[in-house]
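User: I am new to this structure and would like to learn how to read it. Could we take one feature at a time?

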Amino acid sequence: MALAAAPIHRLTVEQVDGLLEGGLLEDRRMELVDGILFDVVPPNPRHSRTVSTLTRHLSRVLPDDLELLVQDALFIHDGFLSPDLFVAPFSAPPIRHREALLAIEVTHTTHRRDLQKVDEYARAGVPEYWMIDLVDREIVVHRGPADGVYTDVAHHRDGMLDVPGGGAPVDVGAVLSAGG
């Protein structure tokens, strides 16, 4: 006997907000992409140390007109992603960010999902996306989004990376060694 395909119920940001406000979703990191709600895998110690290292550096060096958001929601299309870090124009009062100059994902156990996010960030027009790969010990920098893809991809194992919007560059070796 063939089973009928179960319908997929796509969610909106407003519906997810309602579920959160009603206490129907636990307080955890999640992402809403194309109407599908994804749980974000909890970080391991290597991941956490790398995020911490970048947070300390970037929070000290970014100009006052930019802010660093850590594991916060970046609203794209009809949903949101939850990058490990992102740099956005400073806003007072606080807003739901729909723009970022740089999004950063640290990948160790989430490599496949973080690769899928490359296209999401490009489609959202995020000018620069860094995937910090703790397995291959490299930072893959994606730049120049056009038609939903990045046109420039570079792999870095050492050297310095400029931060979009200004501030002191990031030491690639220090970031990669922070994660052990």
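Analyst: We can begin with the idea of a nonpolar core: a set of buried Ala, Val, Leu, Ile, Met, Phe, Trp, Tyr and Cys residues joined through side-chain atoms within 4.5 Å. Keep in mind that this is a predicted model.

User: Which residues have the most contacts inside the largest nonpolar core?

Analyst: In general, nonpolar side chains tend to be buried together in soluble globular proteins. Here the largest nonpolar core has 22 residues, and those with the most contacts inside it are L54, I104, W130, I132, I139, V163 and V170. Two or more residues of this core come from each of α2 (45-61), β3 (66-70), β6 (85-89), β7 (102-107), β8 (128-133), β9 (138-146) and α4 (172-178). A second, separate core has 17 residues, among them V33, F86, A88 and V140.

User: What is I139 in contact with, leaving aside its neighbours within four places in sequence?

Analyst: I139 is in contact with W130, M131 and I132, with A154, H155 and H156, and with L161, V172, V175 and L176.

User: Is H142 buried or exposed?

Analyst: Buried means under 20% relative accessible area. H142 has a relative accessible area of 7%, so H142 is buried. Its place is in strand β9. Not counting residues up to four places away in sequence, H142 touches V118, P127, E128, Y129, M131, Y150, D152 and V153.

User: How should I read a helix, and which residues of α3 are buried?

Analyst: An α-helix has 3.6 residues a turn, so residues three or four places apart point the same way. Helix α3 covers residues 111-123, 13 residues in total, and reaches 19 Å from its first C-alpha to its last, close to the 18 Å expected at 1.5 Å a residue. The buried residues of α3 are R113, D114, K117, V118, E120, Y121 and A122. After α3 comes G125, whose phi is positive, near 80°.

User: How many helices and strands are in the protein chain?

Analyst: The protein chain has four helices and 12 strands. Its radius of gyration is 17 Å, close to the 16 Å that the globule rule gives for 180 residues, so the chain is as compact as a globular protein of that length. Along its principal axes, the C-alpha trace spans about 60 × 45 × 35 Å.

User: What do the totals for burial, contacts and surface say?

Analyst: Of the 180 residues, 41% count as buried. Among contacts with a separation of 6 or more, 49% come from residues 24 or more positions apart. The protein chain exposes about 9,700 Å², and carbon and sulfur atoms supply 54% of that area.

Key:
Residues numbered from 1 in each chain as written. Predicted model: local features only at pLDDT ≥ 70, side-chain atom pairs only at ≥ 80, totals over all residues. Heavy atoms only, no water. Buried < 20%, exposed > 50% of the residue type's maximum accessible area, 1.4 Å probe, protein only. Contact = heavy atoms within 4.5 Å. Expected span 1.5 Å × (residues − 1). Rg over C-alpha atoms; globule rule 2.2 N^0.38 Å. Areas by Shrake-Rupley, 256 points an atom, 1.4 Å probe, with all protein chains shown as cover.
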